[in-house]
Amino acid sequence: MKIRFFQRDWLQERTPPGLDLSLYCMKLKVLLVISFLFAQAYWSSFVYFRSNLFQNGHLVPGRMMIDFVDVLTVQSSFVPFFGFVSVILAMIYWMFAFYRSFYNDSMSIYTMKRLPDRWELHRRCLTLPLLGIGCVLILMVLTVALFYQLYFLLIPKEAIAPHQLAKLFGLMKQRS
Amino acid sequence: MISFDHFQKEDGLPVYLQIVFYIKRGVVAGTIQDGDILPSRRVVSALLGVNPNTVQKAYRILEEEDLIQSRSGAKSCMVLNEPVIRKIRRELVENDTRSIVHTLRQMGLSREEVHSLIDRLWEQEV
Amino acid sequence: MLELNHITKAYGTKVAVQDVSLTIPQGEIIGLFGENGAGKTTLMKCILNFLRYKGDITLDGQPIQHQNIARLSFATCEHSFFPDITADAHRAFYQAHFPNFSAKRFYTLMKFFELPLHQNIKRFSTGQKNQFEVILALSQGADYILMDEPFAGNDVFNREDFYKVLLGILEPHETVLLSTHLIEEVSDFIGRAILIKKGQIVGDITTDELEEQGISLMDYIKSAYSYRSDRVMEALEELDEER
């Protein structure tokens, strides 16, 4: 498709010359998938706390489900976020690796430092990692949103404490 | 176009003088004639592997001796006639002979010995 | 006009370049000579703004910055090309970044040296890499072409060809600063010789001046370095005595 090719060229011109863009895009996709899978660790906490609401197949009246934000963070020991953070760390590593690539095999850094366009070097080293960080942050937000929706779908209304959204954003100190 | 194919760079003499002598020897030998065009300074410097200023010096000397005429924008060409060619021949012969005389004197030969040597070698040539 | 005013560069306590002042007008072909570690490379890197230094360097009165850096080009034995792309891709890159890049000169030189246009540079031989490095520096459209020992590893025929092509294509306004060990080879080709010893300029003479004084470049360099050719004889005589 014409649009896709345009984006390939656009991106290729913002990575170190000669970088195998297909390979790196694949690596990024794999990292994103793995980080999403890692986030599913949320379910082990969720299932545990949900099961505590029931006895003999019936909801115990008065029992409230742990706040969403707590299941996601404290109660899971933040494990669901490890994948996303790892991707961010990997992107920071890519930044260093890209800068270093101008010192490998030949000192092409000398050419980059002589360019009238002083931002070309940084453009080529930072664009892909920053896009990667953007992608993982978006993925993180979408994942949290997904889990949030499922929380409401899977927990009976009466067992859900109020102001879940505000609590998610840390606007209310109260924890159930 | 005058060719520099047979030019050999030697030690001892500055290159610009070697170029001047090369042209003059060509004139005497008849391979360089009136109206022949000289390659541009840049081409000669590339052919010989010497700095363009060296070639410029040589061309300037030839111009000062009225052997070449340079026109702005166009290549220089040789300006020769019989009297000029004879003058150059005399000059080169005198130059070469001067070196020989110098060498023979250094070796300690007397004038008479040089004369009889020349006579003997002259006979051999015939 | 490239002017260096009292340039000093030290790496900690080691002084690589000591109070160097030079004036380099356009159109000269200059040989920069000096022993290993004399400061030739450091000096070039200061001119190119790769290093911080004391003193100032100006190009036609202006300091060297991104606005005028394109007027300087650089070829080094360390190589500064991109090994993972093709020669033609280099042409595209240079064309995009250097407004005075000459594609015509680039293709002419590539053809003359029989270098492939569509192969990654990392697959070139060392000699070819050196040639390509110099081709880029010559095609950039710079007024000042700095070359730091560009022929390390090229055979003599390669080098001879190169000097001749260089002389053929250089325009009168183009300046070449060539640092090299190959004194004999370049002595006819350069118009001026600058000698550096331990970070300081110990000689700066034009070939015209050498001719007027009747000394060869090699002799001038030997005297500037106080080269003692009798050292060899002395050492051999000592060995003889021992026997």
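Which helix among the elements of chain C has the lowest mean pLDDT, and which the highest? In this predicted model, the lowest value, 82, belongs to helix α9 (residues 230-242) of chain C, and the highest, 97, to helix α2 (residues 87-97) of chain C. The model as a whole scores ipTM 0.91 and pTM 0.86.

**Confidence**
- Chain C has a mean pLDDT of 92, with 99% of its residues at 70 or more.
- Where pLDDT is low, predicted coordinates should not be read in detail.

**Contact between chains C and B**
- Chain C places twelve residues in contact with eleven residues of chain B.
- On the side of chain C that touches chain B, α5 (156-169) and α7 (207-213) of chain C each supply at least two residues.
- The largest share of that side, five residues, is contributed by α5(C).
- By class, the residues of chain C on this side comprise five nonpolar, three polar and four charged.

**Helix pair in chain B**
- Helix α2 (residues 41-48) of chain B and helix α3 (residues 52-64) of chain B have axes that come within 8 Å and cross at roughly 120 degrees.
- This angle makes α2(B) oblique to α3(B), and the crossing is right-handed.
- From α2(B), the residues B:R41, B:R42, B:V44 and B:S45 meet B:P52, B:V55, B:Q56 and B:Y59 of α3(B).
- The contact of α2(B) with α3(B) contains four nonpolar, two polar and two charged residues.

Methods:
Residues numbered from 1 in each chain as written. Chains lettered and ligands numbered in written order. Predicted model: local features only at pLDDT ≥ 70, side-chain atom pairs only at ≥ 80, totals over all residues. Axes fitted to C-alpha atoms, helices over the stretch in contact; angles between N-to-C directions. Helix = DSSP H or I, 4+ residues; strand = E, 2+ residues; numbered from the N terminus. Parallel < 35°, antiparallel > 145°, perpendicular 65-115°, else oblique. Left-handed = near helix turned anticlockwise from the far one by under 90°. Contact = placed C-beta atoms within 7 Å. Nonpolar A, V, L, I, M, F, W, Y, C, P; charged D, E, K, R; others polar. pLDDT = per-residue confidence, 0-100.
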